[in-house]
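Let's take a friendly walk through a protein model with its sequence and structure side by side. We will look at how its chains meet, and then at a few details inside them.

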Amino acid sequence: MLFSAILTGLVLGGTYALVAMGLTLQYGVARIMNLAYGDIIIAASFGAFVLFTAFGVNPLLGMLLVIPAGFALSWLIYAVMLQPLARRSRDRGRLEGDSILATFGLLFVIQGVALVIFGAGFQSYSFLAVPVDILGTTIAANRLLAFVLAVVFGLGLWLMLTRTRFGTVIRAVAANPASAPLVGINVDSVARFAFALGGALAAAGGVVVSMYLTFSATMGVIFTMKALIVVIMGGVGNLMGALAAGLILGLVETLVASFIDPGLTLAATYLIFLAVLVVRPQGLFGKTAR
Amino acid sequence: MMKLVLALIVLVALAFVPAFAGPYPLGLGIGILGYGVLATAWAMFSGPTRYISLATVAFFGLGAYTVAVLADVLPYPLVLLVAAVVGLVVALIVGLATLRLAGIYFVIFTFGLTELVRQLVTYYEVNVTRTLGRYVFLPIGPEHIYWQLLALLAATLAVAYWVSRSRIGLALRVIGDDPDVASHLGIRITRTKLTLFSISCVIMTLAGAIQAPRWTYIEPSIVFNPTTSFLVVIMALLGGPNRLFGPLLGAIPLFLLFEWLSANFPNHYSIILGLLFIAIVFVLPNGVLAAGDSLWSRLTRREARP
């Protein structure tokens, strides 16, 4: 019982970590607090759902379509809506406020489109719903696949950021956007790319989520909240922190749901969030205040 | 003195509205007053500090729920008093925990707070009282709600006026402009913010409590609807959160617009709401009144030129 809860928790946590990495990229590099992030995740879930149920496309193959779509959509959102705000605001606080408000509006637009197309009901599809035995505990194969995918994407992103020249450029902008132009970095285009990359990760997370969870058009806000909690818990811009915090959150939620009461999982989430904020506002792995 | 007399005349005139307005216009009036109170209370704290709070509906819902729970047990005025105390206690807890934090964390925490409160109320109702949802039967008609809200709005505006003229309002503006300067001036940042946050939250709680009898049936998903918080933010932003009458002036057209939209475009409501939100951020970052002011000064300057 305990072992199976831990296993389920790790799977859920892996998904949280994956989606949080995208958000930490958007906030850490592009300096945009994207409150419509969860709605991109849900949009990707619907994308995978439509591809699978209407066209019989395997979600793994569907990713080849949905992830680039997430990248393109986010690129467009940044270019059309957020770049003008970024240019207009001289200081960071102003951009934070404006981007929060603008992405709020975006949240409602995406959610509204999803509601018009799919209605408010919960959707799911059955993909690889076969039990697999791990050390005497059974778990559905789709959850296991979700965990593997989360690890693969997370590792891929980490390698890209730490081993490639372009990754270094992104980290330079994240570390010091004011000095980056001095070494010939175009901050505008790097920010746009990072924002789009974050959107691609959100889309990947959305496909992964759709494999083993039921979802609805109005669930985006919950994902945004959880991704934000993971980002803040792990320390803004810290990928390893996001990974650790995602796993912690997934574990706590599953343990609370199986041993205390399923109705208290969100309460537990916010309680951890508040506790971390009060004790370590910079996050578990973050450096001291900005 | 003239202004005060004028305000009193307007107030008395508005108090006579239920005497000749039909049920539908009266309902609209209640809605406008309700959102006017919420937006003014929101701007009282969030205007000068620029802390975007999304917890409005958490306090609103707490007020409504307090009435639903206690209406049969206590006399009505006492119920309102208890609601105010509940709002104050929650505001103090939330404030002490979060007001030390930087802006973005505050936004996110208040974003989640509503959800947390809703979850806890739902959990309590399901596991302890074994019922989800409560009935509110109070001998309070719409005109009584209207008068109470009108009184609350007048009181809120008076408090907001007093705050903007007092030392604490000045202190809050300094904090909003630059917290470092504020602390060097010897302003007690946390205490100042906490005081105003609490006042603002108690008013929001009362707004919820007063409007509770309008629904005969109350459920967490009804009174803790997060859209309310968002609406309050855009109303205050549209009107201009740093003006006394700004939030109220934003609330009137937007409330009427939202009523019309939800009646005529129920399916596309949230898309239009979202686009409007984006447009307001882009076009009127400082609110309608500020935009009007700058337009006015540009016009008059042009006239002054030879």
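Buried area is the accessible area, found with a 1.4 Å probe, that two parts lose on being put together, summed over both. The model here is a predicted one, where local features need pLDDT of at least 70 and side-chain atom pairs count only at pLDDT 80 or more, while totals for chains, interfaces and linings use all residues. Residues are numbered from 1 along each chain as its sequence is written, chains are lettered from A and ligands numbered from 1 in the order in which they are written, and side-chain values use heavy atoms, with hydrogens and water left out.

**Where the chains meet**

Together, chain A and chain B bury about 3,400 Å², and 82% of this lies on carbon and sulfur atoms. On the chain A side, the residues losing the most area to chain B are A:Leu101, A:Phe104 and A:Phe108, which together make up 19% of what that side buries. Counting contact as heavy atoms within 4.5 Å, 41 residues of chain A and 36 residues of chain B take part.

Helices are DSSP runs (H or I, at least four residues), numbered from the N terminus. Helix 3 (59-88), helix 4 (92-118), helix 8 (220-234) and helix 10 (265-279) of chain A each give at least two residues to the side that touches chain B. Helix 4 of chain A supplies the largest share, 17 residues. By type, the chain A side has 30 nonpolar residues (Ala, Val, Leu, Ile, Met, Phe, Trp, Tyr, Cys and Pro), five polar ones (the others, Gly among them) and six charged ones (Asp, Glu, Lys and Arg).

**Charged pairs**

A salt bridge is a side-chain nitrogen of Lys or Arg within 4 Å of a carboxyl oxygen of Asp or Glu. Over all chains, the whole structure has four salt bridges, but the count between chain A and chain B is zero.

| Salt bridge | N to O distance |
|---|---|
| A:Asp188 and A:Arg87 | 2.7 Å |
| B:Glu115 and B:Arg118 | 2.5 Å |
| B:Arg134 and B:Glu125 | 2.7 Å |

A:Asp188 sits in helix 7 and A:Arg87 in helix 3 of chain A, so this pair ties together parts that are 101 residues apart in sequence. Buried means under 20% relative accessible area, exposed over 50%, and partly exposed in between (1.4 Å probe, protein chains only). A:Asp188 is partly exposed at 25%, whereas A:Arg87 is exposed at 52%.

In chain B, B:Glu115 and B:Arg118 share helix 6 (residues 103-129), three residues apart, about one turn of the helix. B:Glu115 is buried at 14%, while B:Arg118 is partly exposed at 24%. B:Arg134 and B:Glu125 are both buried.

Helix 2 of chain A (residues 37-55) has 19 residues and reaches 27 Å from its first C-alpha to its last. That is close to the 27 Å expected, where the expected span is 1.5 Å times one less than the number of residues. Its buried residues include A:Tyr37, A:Ser45 and A:Phe49. Just after this helix, A:Gly56 takes a positive phi of about 65 degrees.
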